[in-house]
Amino acid sequence: MLINRQPLTDLVYQILVLDGHLAPSLPKSSTVTLAQAGGVHGSVVTVDPRRITVGLDVRPSSLANRQAVMDSLKRRLLRGLLEIETDDLPGRVLRATCDSVTVEFYTGAYANPVIYVGLSFVAPDPSRMDREPLVYGLSTARTACPLGTDTVAPRVWLYGASPSVVNPVIVQRDHTGAEVLRLTLTGTLATNDALVIDCAAQTLDRFVAGVLQTGTAAGLGWLTSGRFPLLDPSDANADAAVWPTLELTSTSGTPTGLVAYHRRW
């Protein structure tokens, strides 16, 4: 087990318990009770936080060293939001906080420096995600976007060119090639211009020669129609490794860009 990319085993003898990190996170719809009728699913969807329990076998060389180990452990745990990675799922991380630390003495109590330390972590977002984002170039050709098991809202960059790119459009297709959505923008991207689209925050920033535009020149004024891309595993055939795709088109010019996202499980 690694916390912020540091293995816990450099502080403790061994990890005896690691529980709660494997169960898949499942969205739950609220139930609305109707008068004189059965309940129906509501419009609110929630996902419970993930709780991870860890048990550590700590075997310091002395009573003084025991406290030194506990001090080091505390410093490692009190860093706010922690990046947790386990050996059985390398490259996939959870972001959690430590909300409980307990210490149990073995037989011999205080005279024996060996102790058992119990840790409890809470991950408000229960999904594991890539440690590093996947980054792919975008063009007029279809770019496949591999996914995990959860939906992903990517960040997309669109670049200007010479001749200028006029009215760029982002097209998303499922694994069969059927169009799922398109985001249509109205404007001209000249050389050194760019658009940055954050699909999670539903924002669009426009840069001209590296300068962020504000007011009426801001990027959201370019929105014409459609939806922000949302990469969903239901649009993929994971068993065959066939994924949803993104492509660019425009009224004129040759659009190019990038897409970046963390896969989620």
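This is a predicted model: local features need pLDDT of at least 70, side-chain atom pairs count only at pLDDT 80 or more; totals for chains, interfaces and linings use all residues.
Residues are numbered from 1 along each chain as its sequence is written, and side-chain values use heavy atoms, with hydrogens and water left out.

Let me begin with strand S7, residues 82-85, where strands are DSSP runs of E of at least two residues, numbered from the N terminus. Both faces of S7 are covered, since Leu-82 and Ile-84 on one side, and Glu-83 and Glu-85 on the other, are all buried, that is, under 20% relative accessible area with a 1.4 Å probe and protein chains only, where exposed is over 50% and partly exposed lies in between. S7 pairs antiparallel with strand S1, residues 2-3, over two bridges, pairing being called if DSSP finds at least two bridges between the strands. With strand S8, residues 92-105, S7 pairs in the antiparallel sense over four bridges. Glu-85 is the bridge partner of Leu-2 in S1, and Glu-85 is also partnered by Val-93 in S8. S7 and S8 form a hairpin with six residues between them, and Gly-91 in the turn has a positive phi of about 85°.

Elsewhere, an open sheet of five strands runs in the order S12-S22-S15-S16-S21, with antiparallel pairing. Strands S12 (143-144) and S21 (223-226) stand at the edges, each with a single partner strand, so one side of each has no neighbour in the sheet.

Turning to the largest pocket, its volume is about 200 Å³. Its lining includes Met-129, Asp-198, Tyr-261 and His-262, and the lining residues divide into eight nonpolar, one polar and three charged.

Which aromatic pair does the structure hold? A search of the whole structure finds one, formed by Tyr-136 and Tyr-261, which are tilted at 6.4 Å centre to centre with 35° between the planes; ring centres must lie within 6.5 Å, and planes under 30 degrees apart count as stacked, over 60 as edge-to-face and the rest as tilted. The pair links strand S11 to strand S23, its residues being 125 apart. Tyr-136 is partly exposed at 26% relative accessible area, whereas Tyr-261 is buried at 3%.For the pocket just described, I mean an open set of points on a 1 Å grid where a 1.4 Å probe fits, with protein on both sides within 12 Å along at least five of seven lines, and lining residues have an atom within 4 Å of a point.

Definitions and conventions:
Grid points are joined across faces, edges and corners, and a volume is the space filled by probe spheres set on the points. Ala, Val, Leu, Ile, Met, Phe, Trp, Tyr, Cys and Pro count as nonpolar, Asp, Glu, Lys and Arg as charged, and the others, Gly among them, as polar. Rings of Phe, Tyr and Trp (its six-membered ring) pair if their centres lie within 6.5 Å; planes under 30 degrees apart count as stacked, over 60 as edge-to-face and the rest as tilted.
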